[in-house]
Amino acid sequence: MGMRTGFRVLGFLSAAGLLLSAACFPAKAAQQEQAVPALTAKSAILVEQSTMQPLFEANADEQLAPASITKIMTLLLVMEAIDSGRIGLQDMVTASDYASSMGGSQIWLEPNEQMSVHELLKATAVASANDAAVALAEHLSGTEGAFVEEMNKRAQELGMQNTHFVNCTGLDEEGHYTSARDISLMAGELLRHPKITEYTTIWMDHLRQGETELVNTNRLIYHYKGATGLKTGSTDNAGKCLCASAVREEMGLISVVLGAPDSNAQFNESRSLLDWGFGNFVCAKISLPEPLSPLKVEHGVSEGVSLYALPPESAVIRRQDEEKLAYEVSISEKVQAPVENNQTVGSVTVHIDGEEVCSFPIKTKNSVARMSFFRAFLRLGRSLFSMGSVPLPADERLQPSENSAAAEGTLEQSALKDEESLKNPARSLPAGVDIGRTIR
């Protein structure tokens with residue numbers, strides 16, 4: 001599994017360049033950052049939730065036993081099944097002999113005992129109950145083995161390159177491993193299901209009409225402002241582990257600490273990473289600096305085309321640089337027809353002190369066809385008709401339209417009519433119109 005048991009994070013903390021991604025944050029400000037706390041955990045990572053941008057990492061790709069943090073993937077598959085309608089929260093689940101035999105953290109399910117998906121989800125998320133997790137896995141996939149196959153498939157889809165699951169609980173087993181970075185990926189995906197935090201933020205609850213008490217294994221839920229979850233883990237092989245999530249000032253953070261030596265380090269180092277992230281970074285709102293004017297179109301059926309841009313909602317930047325955001329708009333002066341809908345014609349670059357933070361394209365709102373001979377002739381003819389004594393019938397007047405598809409259809413039909421008019425001019429004229437007199 002590639003473990004280096006003697007590794008410690010402290011050696012990584014002396015170099016600021018290893019703490020931050022130079023591609024996403026200005027290098028000039030790196031020396032001004034506060035030093036992150038010294039960690040005793042074997043591996044750690046801190047990411048911003050909406051962008052999944054790493055803010056700190058130390059040995060983040062080391063393959064390590066994750067203990068019950070494994071259940072993040074179990075919970076993810078359950079939430080996806082609920083949201084897709086495969087199962088419902090009130091569906092009843094019958095515990096098998098195998099599910100009832102799980103050791104470690106449990107709610108002591110009896111063989112053939114029935115609980116709802118809602119109750120088992122709560123037991124898994126709050127009390128890290130192994131029997132509840134297996135019961136859910138069997139309910140979804142028939143057997144834990146089949147469910148684990150789905151876990152590994154989903155891990156691959158999420159880009160978890162250093163992960164292999166053997167069970168759905170996290171109990172120590174040969175070949176069962178993941179990494180801090182991979183955990184952050186599946187945690188971020190789980191948090192895309194807002195309902196999960198209704199379970200992961202429960203501090204105390206009960207099952208069986210109060211007979212079974214549930215207390216959250218994540219003490220940060222009670223002690224840390226803005227905590228939203230997510231999952232603890234502890235086995236002899238894995239040590240003390242925690243994937244913690246929290247939201248403050250509209251910014252969400254996910255921290256992962258693996259292989260901490262004791263429970264105090266498990267929670268204190270997670271808290272320190274979150275504090276460091278909230279203290280040094282913000283999610284700055286990104287928006288267009290000014291409205292986009294229509295772009296001139298040459299040789300088109302329209303003289304201009306409207307534009308739009310979809311900037312990212314926010315970008316993660318250093319708190320001290322929040323007032324330094326600057327925008328650079330780069331756009332063509334004109335474009336040649338034909339113009340396609342959603343055609344890229346420029347870009348907006350957001351930077352701080354000359355260092356790029358993010359960029360996004362400027363695109364056309366609609367298409368513009370190229371002006372053809374027949375379209376030009378039609379337009380001229382209609383202009384001349386409008387100058388005559390006999391107006392065109394209302395349903396034959398050319399009406400400018402923002403809707404490119406409708407305008408294009410009208411023009412194509414008109415072009416065909418115009419071809420007929422060239423072949424047989426007399427037939428194309430409305431009754432009572434003297435083309436010669438109109439031209440004069």
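**Figure 1. Strands β11 and β12 meet in the antiparallel sense.** Two bridges hold the pairing of β11, which covers residues 295-298, with β12 in this predicted model. Here you can find lysine 296 standing opposite glycine 304 of β12.

**Figure 2. Proline 289 sits in the loop between β10 and β11.** Is proline 289 buried, partly exposed or exposed? With a relative accessible area of 44%, proline 289 counts as partly exposed, because that value lies between the 20% and 50% cut-offs. Leaving aside residues up to four places away in sequence, proline 289 touches Tyr327 and Val329. Valine 329 is 40 residues away from proline 289 along the chain, yet their C-alpha atoms are separated by 8.5 Å.

**Figure 3. An open sheet of four strands runs in the order β13-β18-β17-β15.** The pairing in this sheet is antiparallel. Because β13 (307-309) and β15 (326-331) each have a single partner strand, they stand at the edges, and one side of each is left without a neighbour in the sheet. Ignoring direction, neighbouring strands are turned by 25° against each other on average. Within the sheet, have a look at β17 (residues 344-352) and β18 (residues 355-364), which pair in the antiparallel sense over eight bridges. Isoleucine 352 is found opposite glutamate 355 of β18.

**Figure 4. Strands β5 and β6 form a hairpin.** Residues 204-207 make up β5 and residues 212-215 make up β6; the two run antiparallel and are joined by four bridges. Aspartate 205 has leucine 214 of β6 opposite. Four residues lie between the strands, and in this hairpin arginine 208 takes a positive phi near 55°.

**Figure 5. Helices α4 and α5 pack against each other at an angle of about 85°.** The axes of α4 (residues 130-141) and α5 (residues 144-157) are 8 Å apart. The two helices are therefore roughly perpendicular. Which residues make the contact? From α4 come Val134, Ala137, Glu138, Leu140 and Ser141, while α5 brings Glu144, Ala146, Phe147 and Glu150. Sorted by class, the contact has five nonpolar, one polar and three charged residues.

**Figure 6. The whole chain, with its confidence, sets the close-ups in context.** The chain has 440 residues, of which 48% count as buried. Its secondary structure comprises 13 helices and 18 strands. Of the contacts between residues at least 6 apart in sequence, 67% join residues at least 24 apart. The average pLDDT of the chain is 83, and 77% of the residues score at least 70. Residues 1-31, however, have a pLDDT below 50, and beyond near neighbours in sequence this stretch has 63 contacts in the model. Residues 392-440 also have a pLDDT below 50, with 43 contacts beyond near neighbours in sequence.

Key:
Residues numbered from 1 in each chain as written. Predicted model: local features only at pLDDT ≥ 70, side-chain atom pairs only at ≥ 80, totals over all residues. Heavy atoms only, no water. Pairing = 2+ DSSP bridges. pLDDT = per-residue confidence, 0-100. Contact = heavy atoms within 4.5 Å. Axes fitted to C-alpha atoms, helices over the stretch in contact; angles between N-to-C directions. Parallel < 35°, antiparallel > 145°, perpendicular 65-115°, else oblique. Nonpolar A, V, L, I, M, F, W, Y, C, P; charged D, E, K, R; others polar. Buried < 20%, exposed > 50% of the residue type's maximum accessible area, 1.4 Å probe, protein only.
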